[in-house]
Amino acid sequence: IIPCVVSFRFRMNHPLGQVILANYITLTPGTVTMDVTDDGVFAVHALTDGAAEGVKDGAGMPAKVAWLLGEDFEFELIGEEY
């Protein structure tokens, strides 16, 4: 177990996208969405390295949420803190 907090920015035009992504992350074992700001910055607590890697992959969960809503999105990894 190597816990860390991963921060990234997720932007899309559909306001429901942030809500769906935050819930999707929290439902994934080993991760909890701690905060989402108005400008789309997410802070996610990851319990393991594997969970952190999954959060840092912009082609994973964010892309699925954008596909679900039929929207384009922007994903930017900000960093991680141990």
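A residue is called buried under 20% relative accessible area, exposed over 50% and partly exposed in between, with a 1.4 Å probe and protein chains only. By this definition Phe-10 is buried, and Phe-42 is buried as well. The model is predicted: local features need pLDDT of at least 70, side-chain atom pairs count only at pLDDT 80 or more, and totals for chains, interfaces and linings use all residues. Residues are numbered from 1 along each chain as its sequence is written, and side-chain values use heavy atoms, with hydrogens and water left out. Helices (H or I, at least four residues) and strands (E, at least two) are DSSP runs, numbered from the N terminus.

**Strands**

- Five of the six residues of strand 3 are buried, so this strand is largely enclosed by the rest of the structure.
- Two strands pair if DSSP finds at least two bridges between them; strand 1 and strand 3 do so in the antiparallel sense, over six bridges.
- Within strand 3, Val-41 is the bridge partner of Arg-9.
- Strand 2 (residues 31-36) also pairs with strand 3 in the antiparallel sense, over five bridges, and Thr-33 has Val-44 of strand 3 as its bridge partner.
- The hairpin of strand 2 and strand 3 has four residues between the strands, and in this hairpin Gly-40 takes a positive phi near 85°.

**Aromatic rings**

- Rings of Phe, Tyr and Trp (its six-membered ring) pair if their centres lie within 6.5 Å; planes under 30 degrees apart count as stacked, over 60 as edge-to-face and the rest as tilted.
- Four aromatic pairs are found in a search of the whole structure.
- One of them joins Phe-10 and Phe-42 edge-to-face, at 6.2 Å centre to centre and with 85° between the planes.
- Because Phe-10 lies in strand 1 (residues 4-12) and Phe-42 in strand 3 (residues 41-46), this pair ties together parts that are 32 residues apart in sequence.
- A cluster linked by ring pairs consists of Phe-8, Phe-10, Phe-42, Phe-73 and Phe-75.

**Helix 3**

- The buried residues in helix 3 (residues 61-69) include Met-61, Pro-62, Val-65 and Ala-66.
- Seen down the helix axis, the buried residues of helix 3 fall within an arc of 135°, so they line one face of the helix; the arc is that of the directions from the helix axis to the C-beta atoms.
- Trp-67 and Leu-68, on the other side of helix 3, are exposed.
- The buried residues of helix 3 pack against strand 1, helix 1 (16-27), helix 2 (49-56) and strand 4 (73-81), where contact means heavy atoms within 4.5 Å.
- Gly-70 follows helix 3 and has a positive phi, near 65°.
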